[in-house]
Amino acid sequence: MVPRHPAQLIVVGFVLAIAAGTGLLMLPAAATGPQGASLLEALFTATSAVCVTGLITVDTPVFWSGFGQAVILFLIQVGGFGVMSFGTLLAVLTARRLGLRSRMLAAAETKSHGFGDVRRVLLGVFLITVIVEAAVALILTLHFQLGYGYPPGEALWHGVFHSISAFNNAGFALYSDNLMGFVGDPWVCLPIAAAVILGGLGFPVLFELRRQFRRPVMWSMNTKLVLVGSVALLAGGTVFLTAAEWSNPATLGGLPPQDRILGGFFQSVITRTAGFNSVDIGQMHPVSWMGMDILMFIGGGPAGTAGGLKITTFAVLFFILATELRGDTAVNIFGKRLSRAVHRQAISVVLLAIALVTASTMFLMLITDFGQERILFEVVSAFATVGLSTGITAAMPPAGQVVLILLMFIGRLGPVTLGTALALRSRPIMYEYPKERPLIG
């Protein structure tokens, strides 16, 4: 039976993209070794790339050939842009027209409010993607060539790869230690951080800032929540991680003060959305892991390349809590009343996510010998499609890696989207039961 709901088709599109990526990565030419990649290695890497996560079970620059790395990069770009949006964009550029189903798919994927603006939205997404990725790639390419003496071709490849990986919040790197070798280099860390932040804000915010940058009073509630929340989380995360790791000789403790601040800021940016790391995550203090769990779980802005449950979800819950504590009857945010439907959506998303993370953590604790802190970190990183790891991903048994694959897939699509896709149909209710209130607390 062919799925008809846009959410169902999006799920199918992602499955097909992962399947195609798995097949390509299993080709002998994709790996450097004589035997090539196994099914699980290829499936895990393809899922991590399409779901723009960054978790790996094999060393990217060592295990994969140039062809394999190019496949990974293409999967990252497709996954970041959105399988359905990417297909619709191709239809726009070739046929110059859209059918109703194509518009529905693109509207669902880009979180558009209507079908009429899908063409403009997709072209806008494409232009922003190209401009940001090209600018960051240029900066990195010049620095790799002039600052580190890379040959022009190698410098260009490293610049393009890390630019696309950063803007799409993927976290794949062409170095075995990720970006630890550049912890004190602002010409590498800051452009990558800027690309991660822009991709993590979400395309609706970027569109609105482009139109109304000089008129903040005209910004929507979504844009205000994302910007205020992003600044607060970036500042708070920087202070927290820098302070927690300041004296840790295995992470920031052995660096000059300015490099410690840069390392703390970079890891704060990365923790909420992407999977790069400029310090050894496995050597961080457990309290840092706990704080990073929270940052990863919150994530970035909606309708972008970031993962997590999104800033707006937790901002809505915060204002609901504040309203209840004050005893008000309506939730008001920035002079606007919040729709009651959004209350239910935010609570549903968070409860589903907590249930999934808890169940996955307990299962992995049963089948592995790793500590709870490391397992929880890994689970949250996979579900939030962040890609950071304490170093236990490759050591997971096959069943554990399959769990991480499912978490990345569900986390990329979102619990509500996946639930909608699995539902055969919505059942309209023609009546209501009498209202009654149980005791709470």
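**Reading the classifications in a predicted model**

Me: Why is Ile 131 called exposed?

Reply: Its relative accessibility is 57%, and the cut-off for exposed is over 50%; Ile 131 therefore counts as exposed. The residue is placed in helix H7, residues 118-148. Together with Phe 126, Leu 127 and Val 130, Ile 131 makes a nonpolar surface patch of about 360 Å².

Me: What is the mean pLDDT of the chain?

Reply: This is a predicted model, and its mean pLDDT is 87, with 87% of the residues at 70 or more. Over residues 90-97, however, the pLDDT is below 50, and this stretch has nine contacts in the model beyond near neighbours in sequence. Where pLDDT is low, the predicted coordinates should not be read in detail.

Me: How do you know that the span of helix H14 agrees with its number of residues?

Reply: Helix H14 covers residues 311-326, which is 16 residues.

Me: Against which helices do the buried residues of H14 pack?

Reply: They pack against helix H11 (221-245), helix H13 (286-298) and helix H15 (340-367). Among the buried residues of H14 are Ile 311, Val 316 and Ile 320. Just after H14, Gly 327 takes a positive phi of about 85 degrees.

Me: What makes the pair Arg 326 and Asp 328 a salt bridge?

Reply: The closest N and O atoms of the pair are 2.9 Å apart, and the criterion is a distance within 4 Å; the pair therefore qualifies as a salt bridge. A search of the whole structure finds one salt bridge.

Me: Are Arg 326 and Asp 328 buried, partly exposed or exposed?

Reply: Arg 326 has 53% relative accessibility and so counts as exposed. Asp 328, with a relative accessible area of 37%, is partly exposed, because this class lies between the 20% and 50% limits.

Me: Why is Asn 169 called buried?

Reply: Its relative accessible area is 0%, and buried means under 20%, so Asn 169 is buried. Asn 169 lies in the loop between helix H8 (152-167) and helix H9 (186-201). Although not a glycine, Asn 169 has a positive phi of about 55 degrees.

Me: How do you know that Asn 178 counts as buried?

Reply: Asn 178 has 12% relative accessibility, and the limit for buried is under 20%; Asn 178 is therefore classed as buried. Its place is in the loop between H8 and H9. The phi of Asn 178 is near 60 degrees, a positive value in a residue other than glycine.

Methods:
Residues are numbered from 1 along each chain as its sequence is written. This is a predicted model: local features need pLDDT of at least 70, side-chain atom pairs count only at pLDDT 80 or more; totals for chains, interfaces and linings use all residues. Side-chain values use heavy atoms; hydrogens and water are left out. Patches are made of residues with over 30% relative accessible area and no salt bridge: like charges are joined within 9 Å, nonpolar side chains (Val, Leu, Ile, Met, Phe, Trp, Tyr) within 5 Å. Accessible areas come from the Shrake-Rupley method with a 1.4 Å probe; for residues, only the protein chains shown count as cover. A salt bridge is a side-chain nitrogen of Lys or Arg within 4 Å of a carboxyl oxygen of Asp or Glu. Helices (H or I, at least four residues) and strands (E, at least two) are DSSP runs, numbered from the N terminus. Buried means under 20% relative accessible area, exposed over 50%, partly exposed in between (1.4 Å probe, protein chains only). pLDDT is the predictor's confidence in each residue, from 0 to 100. Contact means heavy atoms within 4.5 Å. The expected span of a helix is 1.5 Å times one less than its number of residues.
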